[in-house]
Amino acid sequence: MDEAPQGERVVRKQQHVPVLLDEALEYLNVRPGGVYVDATLGLAGHSSQIAKRLGAKGRLICFDRDPQAMEAAKARLEEVRAEIGSEMPEVVFEPRAFSEASSLIKPGSLDGLLADFGVSSLQLDEAYRGFSFRSDGPLDMRMDTRSGETAEQVVNQEDENELADLIYEFGEERRSRRIARAIVRARPITTTAELARVVSAAAPSMKGDKIHPATRTFQALRIRVNDELGEIRTLLKSAPSLLKPGGRLVLISFHSLEDRLVKDAFREAGRDKVFEVLTKKPVVAGEQEEMRNPRARSAKMRAAEKIK
């Protein structure tokens with residue numbers, strides 16, 4: 001098991017490639033001296049470039065509930081500070097979920113807000129975090145490792161019907177009943193590899209499948225453990241009040257559940273004359289970016305501007 005040593009976890013230096021970086025910066029329309037939020041700081045791939053455009057009078061507010069990600073991002077932004085010196089904007093770190101933004105940020109104060117939903121490279125690449133079945137690790141999946149229910153608790157404590165429902169709803173997995181039955185029979189399940197084997201045996205790959213048979217089940221558990229869709233709904237509800245007239249909201253999704261929430265919220269806000277939607281269709285990665293960064297293949301970006 002590729003697990004970090006006991007005691008303090010060591011954050012390895014990550015080779016992080018931010019998704020749709022140029023497109024996000026274009027639609028965010030970063031103005032020197034402005035106030036911007038990166039709601040999903042991650043490893044600061046987007047934030048490091050926003051900081052370079054803000055200038056000394058600018059302000060960048062960074063949210064992330066993952067303490068390991070926050071640690072790595074601070075180090076990355078210190079590198080930016082060393083690079084641009086006195087032109088570094090004020091950076092405020094908020095080690096909490098972005099759903100709390102409305103209680104921390106003055107209404108009508110933001111020039112832009114960016115969110116890159118889903119799981120980060122750091123979370124996927126560290127086996128002990130339990131997000132991926134590519135290497136064996138404990139079934140954790142919490143973005144905030146300081147509190148909350150783990151995926152292991154969900155897998156081993158939920159009844160069969162509840163498991164089937166969450167795998168179907170959050171994983172869009174048609175064979176959820178079969179998978180839930182197999183999970184219950186195989187309990188206790190404590191590692192990512194064990195769970196992947198159980199799911200693969202119960203619902204093996206079908207002809208034409210391009211993803212591992214356990215992918216949707218892992219997605220469903222991760223969404224449930226972190227209340228990801230609830231977090232997005234809260235952000236979508238509060239963002240219009242936080243932005244200045246003319247402020248930009250730029251959101252990057254990685255699966256249909258996320259994108260559907262954003263699309264529906266933008267449609268409603270456009271109809272109510274709150275936002276002008278800037279992306280008639282979602283912006284997706286080009287061929288070169290997909291080759292350079294496979295994670296970008298599923299990314300969809302939508303942007304809107306608060307009506308003046």
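**Reading pockets, cavities and cores**

Q: How does the lining of the largest pocket divide by class?
A: In the classes used here, Ala, Val, Leu, Ile, Met, Phe, Trp, Tyr, Cys and Pro count as nonpolar, Asp, Glu, Lys and Arg as charged, and the others, Gly among them, as polar. In this structure, the lining of the largest pocket has nine nonpolar, 12 polar and nine charged residues. This is a predicted model, in which local features need pLDDT of at least 70 and side-chain atom pairs count only at 80 or more, while totals for chains, interfaces and linings use all residues. Residues are numbered from 1 along each chain as its sequence is written, and side-chain values use heavy atoms, leaving out hydrogens and water.

Q: Which residues lie nearest the centre of the largest pocket, and what is its volume?
A: A pocket is an open set of points on a 1 Å grid over the protein atoms alone, with protein on both sides within 12 Å along at least five of seven lines, and its lining residues have an atom within 4 Å of a point. Here the volume, the space filled by probe spheres set on points joined across faces, edges and corners, is about 1200 Å³. Of the 30 lining residues, Val119, Leu124, Thr215, Arg295 and Ser298 lie nearest the centre. Helices (DSSP runs of H or I, at least four residues, numbered from the N terminus) that give two or more residues to this lining are H4 (121-125), H9 (215-226) and H11 (256-271), and H9 gives the most, with five.

Q: Which residues are closest to the centre of the largest cavity?
A: A cavity is a set of grid points where a 1.4 Å probe fits but cannot get out. The structure holds one cavity of 30 Å³ or more, with a volume of about 350 Å³. Among its 29 lining residues, Thr40, Asp64, Asp116, Phe117 and Gly118 are the closest to the centre, and H10 gives the most to the lining, with three residues.

Q: Which residues have the most contacts inside the largest nonpolar core?
A: A nonpolar core joins buried (under 20% relative accessible area, 1.4 Å probe, protein chains only) Ala, Val, Leu, Ile, Met, Phe, Trp, Tyr and Cys residues through side-chain atoms within 4.5 Å. The largest here has 59 residues, and Leu110, Ile183, Leu195 and Leu251 have the most contacts inside it. Helix H10 (residues 228-242) gives the most to this core, with six residues. A second, separate core of 32 residues includes Leu25, Tyr27, Phe254 and Ala296.

Definitions and conventions
Buried < 20%, exposed > 50% of the residue type's maximum accessible area, 1.4 Å probe, protein only.
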